[in-house]
Amino acid sequence: MSSSPSAPEAKQRPPHRDLRGALRAHLGGMLLSSHAVLLYIFLYLPIVVLVVFSFNDSRFLAKWGGATFRWYGELAGDTQVAYALWNSLFIAVLSTFISTVIGTLAAMAMERYRFHGQLAMDALLYLPIIIPDIAMAIMLLIWFNLSGVGFTPWKVELFGLRLAVPYSVIIGHVSFNISFVAIVVRARLADMDRALEEAAQDLYANSWQTFRRVLLPMMMPGIVAGALLAFTLSMDDFVITFFTSGAGFNTLTVYVFGLVKKGVTPKINAISTLMVVFSLALVGLARLLQKGGEGAPVDVDLF
Amino acid sequence: MRTRLVVLGLLVALLLVACGGGGTETAPAESSAPTTPEPVAEVEPAQEIQFFNWSEYIDPDIYEIFEDEYGIRVVESNFASNEEMLAKLQGGATGYDLIVPSDYTVAIMIEEGMLAELDHANIPNLENLSPRFRQVPYDPGNKYCVPYQWGTTGIGYNSALIDEPTSWAVLFDPDPNAPYYGRAMMLDDPREGMAAALVYLGYDINTTDEAQLEEAKQALLRAKPALAGYDSDQFDDLLAAGETVLTHGWNGDILVAQEENLDVAYTIPQEGGVVWIDNVCIPNTVTPERKKAAEIFINFLLRQDIGVLLSEFNYYASPNAAAEEMLDEEFLSDPAVYPPPQVLDKLQYIEPLGDFESVYQRIWDEVKAAR
C-alpha cells in the first residue's frame with residue numbers, strides 16, 4: 001500500500017544508472033537494517049537472559065550454576081504461586097474484555113460524533129494515563145472504602161468451580177485500561193476513510209450493519225492491539241492491584257514483590273518464561289484469527 | 001450522546017452508592033459498640049482469619065496443622081514493604097486480621113492508634129518468648145504485638161580473601177592495601193548507613209545531636225574510596241559471585257548467599273550493629289470473633305514446635321526461647337543467624353524520628369553526592 005505512491009516517482013528518474021544513488025541507498029539500507037537488529041537485541045536480550053536463567057541451578061542471577069529444570073518442578077508444586085498466577089490471568093482477561101468494549105465505544109464517540117463537553121471528556125480520557133499509578137491507587141482505595149463498595153471478592157459458583165471475583169481490582173484495572181484502549185482504537189479510526197461508511201449507508205446499510213460490516217472489521221486491528229496492550233498492562237500492574245485488592249487476595253506481581261524478605265529465586269524467572277511463552281502464543285493466535293476471519297484483507301500492525 | 005448518558009448514569013450510581021455506603025457503615029459501628037465492652041471471653045472465634053504477610057515468610061504446612069487442630073482457616077496475602085502495608089491500612093483497607101510490621105512501623109501504628117490491644121489471656125504461650133523480646137522498646141510488655149522473627153545488620157565478607165573483620169573500622173578507616181579496598185559495598189539506606197557509622201563511633205544510632213551526626217558523616221566520607229557502590233538489592237548476589245569482598249548488609253540475605261558460595265561469612269563487629277524485629281499484630285478494625293481467632297493463631301505460632309518450623313523454613317532467628325531448645329545447634333551457633341552473646345547486648349534498634357528523618361536523609365544525600 002505504502003509503496004504505490006512512490007512508484008510514479010521512480011519512473012521519472014533518468015534511465016541511466018545513478019551509481020552514487022544506488023550506493024547511498026545500499027548504505028542506507030544496511031544502516032537501517034543494522035539499526036533494526038540492534039533495536040531487537042535491545043528489546044529481546046533481557047528476555048533471553050531471563051529465559052536462560054530460569055534454567056539456572058543456583059538461586060542467584062549473578063552466578064551460573066549449571067542447567068536444571070528444578071525451578072519448573074518447584075513451580076508445579078507451588079499452590080500459592082499457582083493461585084496468584086490464576087488471579088492475575090483472571091483479572092487480566094476480564095478487565096481486558098470490559099475495557100476493550102468500553103474503550104472502543106469511547107473512541108468511536110470521540111472520533112465520529114460531536115457533543116457537548118467533548119473537549120472535557122477528551123482530557124478526562126487521557127487522565128488515567130498521565131496520572132501517577134500511586135495517586136490513582138490511593139484514590140481508588142479511598143473511593144472503595146468511603147463509597148461502601150468494599151474490597152471483598154464475590155464468591156461465585158460456576159459449573160461446580162468456586163470462583164472469587166475481585167471486582168474492586170477489576171474495576172481498578174478497567175479504569176486505567178479504558179484510556180489505553182480508547183487511544184489506540186482512536187488512532188486507527190482517525191486513519192480510516194469516512195467515505196466507506198458513507199458508501200455503506202448509500203447502499204442502504206442501516207447504522208448497525210454499517211458498524212458490524214464496515215466499521216468493526218476495519219477497526220479490528222486497533223481493537224486487538226488495544227486489547228493486547230490492556231492485557232499486558234493488567235498482568236503487569238502492581239501498585240493499583242495492591243491497593244485495590246481485598247484481604248486474602250494475591251496476584252503474581254504482589255507475590256513477587258513480597259519476596260523481598262526471602263530473595264527472588266529463578267522460580268520467578270520460570271513463571272516469567274511461561275508467561276512470555278503464553279503471551280507469544282496469544283499474539284500468534286491473534287494474528288491467525290486476523291488472517292483467517294472476516295475475509296476483509298486488513299493489515300494487522302500490532303506494534 | 002450514549003457516552004454522556006453512561007457518564008451521567010455512573011455519576012448518579014456513585015452518589016447513590018456513596019450515600020448508601022455511608023449509611024450502612026455507621027449502622028454496624030453503632031450496633032457493635034455495646035457488645036465490645038462486655039467480657040470478650042465468651043466470644044466464639046471466627047472460622048477464618050486473613051493474614052497479611054511477606055511472601056514465603058511462613059511454612060505453608062503451619063496453616064494445615066493449625067486448621068486441623070483448631071478448625072480455623074488462615075488465608076494469606078502479601079505485601080512488599082512496611083510503607084505499602086501502612087499506606088494501604090491508613091487508606092482504609094479493612095479485612096486483615098493479622099499483619100507483620102517491622103519494629104519502627106509498629107511504633108508508628110501504635111502512635112496512630114491502628115493496633116488492637118492483645119488479650120494476653122488468649123496467648124498463654126507468651127511465656128515461651130525470650131525475656132528480651134518481652135520488653136522491646138517500641139512495645140514494652142507485648143501490649144500490641146508479639147515478635148515473629150528477627151535479624152541483624154552487620155558485615156558480610158569473603159572468608160577466602162580476608163580475615164573476619166572485628167571492627168567497623170574496615171569500612172570507616174579502610175586500609176588502602178587490603179583486598180577489599182574498592183570492592184566493598186554499603187546498603188543504600190540512609191538510616192542503615194548512618195547507623196553503621198554511629199555504631200562505629202560509639203553513639204546512639206537514633207541520635208539527634210548535630211555534632212555526632214557530623215562525625216558520622218565524616219566517617220562515611222572516609223569509607224567512600226573503599227566502596228564499589230551503595231546497594232540494597234544486589235549486595236548479596238555480588239558477594240556470592242565474588243564481585244565484592246566485603247559488604248554492609250542484612251544477615252538473612254548474606255545467609256542465602258552462603259548457600260551459593262561457602263566462602264561467604266557474616267559477622268557483627270565488636271562495636272555492635274542494628275537489630276530488627278518483625279512482629280505479628282492485630283489491626284483495630286477486626287471484629288471480636290476475628291480478634292479471638294487471630295489471638296489463637298498468635299498463641300499457636302508461639303508454640304515450641306511451630307517456632308521450630310518457622311525458623312527452619314525462613315532461616316531467621318526465633319524470638320521463641322522454647323523453640324530455640326529444639327533448634328539445631330549448628331543453626332543456633334551460626335553467627336549469620338544468632339549474634340554471639342558478647343555483641344547481643346550491643347545491638348540497637350532503628351527508631352522512627354519523625355521530622356528529624358529528613359536530616360538523616362540530607363546527610364546521606366550529601367555523602368552519596370560527594371566526590
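Colleague: Before we dig in, what am I looking at?
Modeller: This is a predicted model, where local features need pLDDT of at least 70 and side-chain atom pairs count only at pLDDT 80 or more, while totals for chains, interfaces and linings use all residues. Residues are numbered from 1 along each chain as its sequence is written, and chains are lettered from A and ligands numbered from 1 in the order in which they are written.

Colleague: Good. How many helices and strands has chain B?
Modeller: Chain B has 16 helices and 12 strands. Both are DSSP runs numbered from the N terminus: helices are H or I with at least four residues, strands are E with at least two.

Colleague: And what share of chain B do buried residues make up?
Modeller: Of the 371 residues in chain B, 44% are buried. Buried means 20 or more other C-beta atoms within 10 Å of the residue's own, exposed means 12 or fewer, and partly exposed is in between, with C-beta atoms placed from the backbone.

Colleague: What about contacts in chain B between residues at least 6 apart in sequence?
Modeller: Of those, 77% join residues at least 24 apart. A contact is two C-beta atoms, placed from the backbone, within 7 Å.

Colleague: Let's go inside. Which residues touch the most other members of the largest nonpolar core?
Modeller: That core has 121 residues, and I49(B), L98(B), A197(B), V280(B) and F297(B) touch the most other members. Helix α7 of chain B (residues 190-201) gives the largest share, 7 residues. A nonpolar core here is a set of buried Ala, Val, Leu, Ile, Met, Phe, Trp, Tyr and Cys residues joined through C-beta atoms within 7 Å.

Colleague: Take V280(B). What is it in contact with?
Modeller: Setting aside neighbours within four places in sequence, V280(B) contacts L98(B), V100(B), C145(B), V146(B), Y148(B), I298(B) and L301(B). There is also a second, separate core of 28 residues, with A106(A), I178(A), V184(A) and V185(A) among them.

Colleague: Now helices. At what angle do the axes of α7(B) and α8(B) cross?
Modeller: They cross at roughly 105 degrees and come within 9 Å, which means α7(B) is roughly perpendicular to α8(B). Axes are lines fitted to C-alpha atoms, for helices over the stretch in contact, and angles run from 0 to 180 degrees between N-to-C directions. Under 35 degrees counts as roughly parallel, over 145 as roughly antiparallel, 65 to 115 as roughly perpendicular and the rest as oblique.

Colleague: Which residues meet there?
Modeller: From α7(B) come G193(B), M194(B), A197(B), L198(B), Y200(B) and L201(B), and they meet Q212(B), E215(B), A216(B), A219(B) and L220(B) of α8(B).

Colleague: Where does helix α16 of chain B come in?
Modeller: The axes of α16(B) (residues 357-369) and α8(B) (residues 210-223) come within 10 Å and cross at roughly 30 degrees, so these two are roughly parallel. In that contact, L213(B), K217(B), L220(B) and L221(B) of α8(B) meet V359(B), I363(B), E366(B) and V367(B) of α16(B).

Colleague: Last one: what does I62(B) touch?
Modeller: Not counting residues up to four places away in sequence, I62(B) touches I306(B) and L309(B). I62(B) is in helix α2 of chain B and counts as partly exposed because it has 19 C-beta neighbours inside 10 Å.
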